[in-house]
Amino acid sequence: MPEGHTLHRLARLHQRRFAGGVVRVSSPQGKFAAGAARVDGQVLTRAEAYGKHLLHHYESGLVVHVHLGLYGVFTEVPLPMGEPVGQVRMRLVGDASADDRLYGSDLRGPTACEVYTRAEVTALTERLGPDPLRRGADPDRAWRRIHRSRRPIGALLMDQQVLAGVGNVYRAEVLFRHNISPDRPGALLSYEEWQAIWSDLVDLMKVGVRRGKIVVVRPEDDHGAPAYAKDKPRTYVYRRAGEPCRLCGATVLHSVLDARNLFWCPVCQPR
């Protein structure tokens with residue numbers, strides 16, 4: 001599932017390529033036909049992301065909410081676009097762009113693509129924890145839930161109601177970078193440790209937005225084993241179960257926590 005930096009990068013791209021102009025919205029697949037008709041032909045005023053949610057704001061006050069889920073993807077194509085290929089849930093065609101040419105975009109396979117009112121957007125964002133990539137986000141909102149919880153910090157970091165936008169890669173890697181076991185109860189995390197985790201997430205996820213990929217291994221540690229798969233990020237522990245830790249050589253371990261794969265080093269992250 002794409003992590004928060006991917007959605008913020010998409011929001012910036014759509015802001016640059018569609019905002020300020022009339023957008024033709026359709027649903028070649030048909031599943032979003034009624035929603036598309038409600039915003040088709042309107043000016044898209046703003047695109048933004050909150051955690052793993054993408055929001056397209058239109059001049060009428062309606063908002064198209066997209067959650068990519070496991071399989072959702074946008075493809076960006078310079079105009080003119082060809083006939084839709086595959087199951088295109090939503091097609092956008094713009095008439096204004098900050099780039100040198102006009103663009104269209106096809107959305108395939110999202111978990112959610114629906115029209116919200118502003119009140120529904122407010123209800124959505126109020127359910128989410130602070131997003132490290134949003135200006136003015138308050139890390140203490142997450143801390144108030146973390147330090148009262150006996151749940152493992154590895155589970156809390158993935159709970160979007162605690163912290164918005166963090167996925168499995170950033171969860172595994174930021175805990176390793178701070179020598180914190182994913183099994184440690186949130187209540188046993190110190191405030192100073194939480195501040196360090198938050199600050200690191202802000203920095204790492206900003207790099208993800210800027211570069212379009214996850215970069216978590218410090219330059220001085222970036223040697224030895226390659227990435228876990230082609231075109232994937234080099235990591236300390238994520239997807240490296242059974243391999244030696246980049247720092248201490250101990251075997252990286254794997255388990256499942258709340259139905260998600262968990263990776264850690266038992267020496268660098270003692271319980």
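Predicted model: local features only at pLDDT ≥ 70, side-chain atom pairs only at ≥ 80, totals over all residues.
## Salt bridges around Asp99

Arg16, Arg17 and Asp99 form a linked network of salt bridges. Because Arg16 belongs to helix α1 (residues 4–18) and Asp99 to the loop between β6 (88–94) and β7 (103–108), the pair ties together parts that are 83 residues apart in sequence.

Both partners are partly exposed: the relative accessible area is 23% for Asp99 and 36% for Arg16.

## Further ion pairs

Side chains of opposite charge can pair when their charged atoms come close. The count for the model comes to 14 salt bridges. One of the salt bridges joins the side chains of Asp200 and Arg177, again at 2.8 Å, N to O. This pair links distant parts of the chain, with Asp200 in helix α7 (residues 191–211) and Arg177 in helix α6 (residues 168–177), 23 residues apart. Asp200 and Arg177 are both buried.

A salt bridge also connects the side chains of Asp222 and Arg234, with an N to O distance of 2.3 Å. Asp222 and Arg234 each lie in the loop between α7 and β9 (253–257), so this pair ties together parts that are twelve residues apart in sequence. Asp222 is partly exposed, at 38% relative accessibility, and Arg234 is likewise partly exposed, at 27%.

## The eight-stranded sheet

Eight strands make up an open sheet with antiparallel pairing, in the order β5-β7-β6-β1-β2-β3-β4-β8. From one strand to the next, the twist averages 25 degrees.

Within this order, β2 (residues 42–50) pairs with β3 (residues 53–58) in the antiparallel sense, over six bridges. Leu44 has Tyr58 in β3 as its bridge partner.

## Helix α3 against the sheet

Helix α3 (residues 118–127) packs on the sheet and touches β2, β3, β4 (63–67) and β8. The direction of α3 makes about 125 degrees with that of β8.

Which residues of α3 are buried? They are Val121, Leu124 and Thr125. Seen down the axis of α3, the buried residues fall within an arc of 90 degrees, so they line one face of the helix. The cover over these buried residues includes β2, β3, β4 and β8. Ala119 and Glu126, on the other side of α3, are exposed.

In contrast to the partly exposed Arg16, His5 counts as buried, at 5% relative accessibility. Because the limit for a buried residue is under 20% relative accessible area, the value of 5% places His5 in that class.

Apart from its neighbours within four places in sequence, His5 is in contact with Leu133, Tyr170, Met205, Gly208, Val209, Lys213 and Ile214. Among these contacts, Met205, Gly208 and Val209 fall within the span of helix α7 (residues 191–211), the helix that also carries Asp200.

Key
Residues numbered from 1 in each chain as written. Heavy atoms only, no water. Salt bridge = Lys/Arg side-chain N within 4 Å of Asp/Glu carboxyl O. Helix = DSSP H or I, 4+ residues; strand = E, 2+ residues; numbered from the N terminus. Buried < 20%, exposed > 50% of the residue type's maximum accessible area, 1.4 Å probe, protein only. Pairing = 2+ DSSP bridges. Axes fitted to C-alpha atoms, helices over the stretch in contact; angles between N-to-C directions. Contact = heavy atoms within 4.5 Å. Arc of directions from axis to C-beta.
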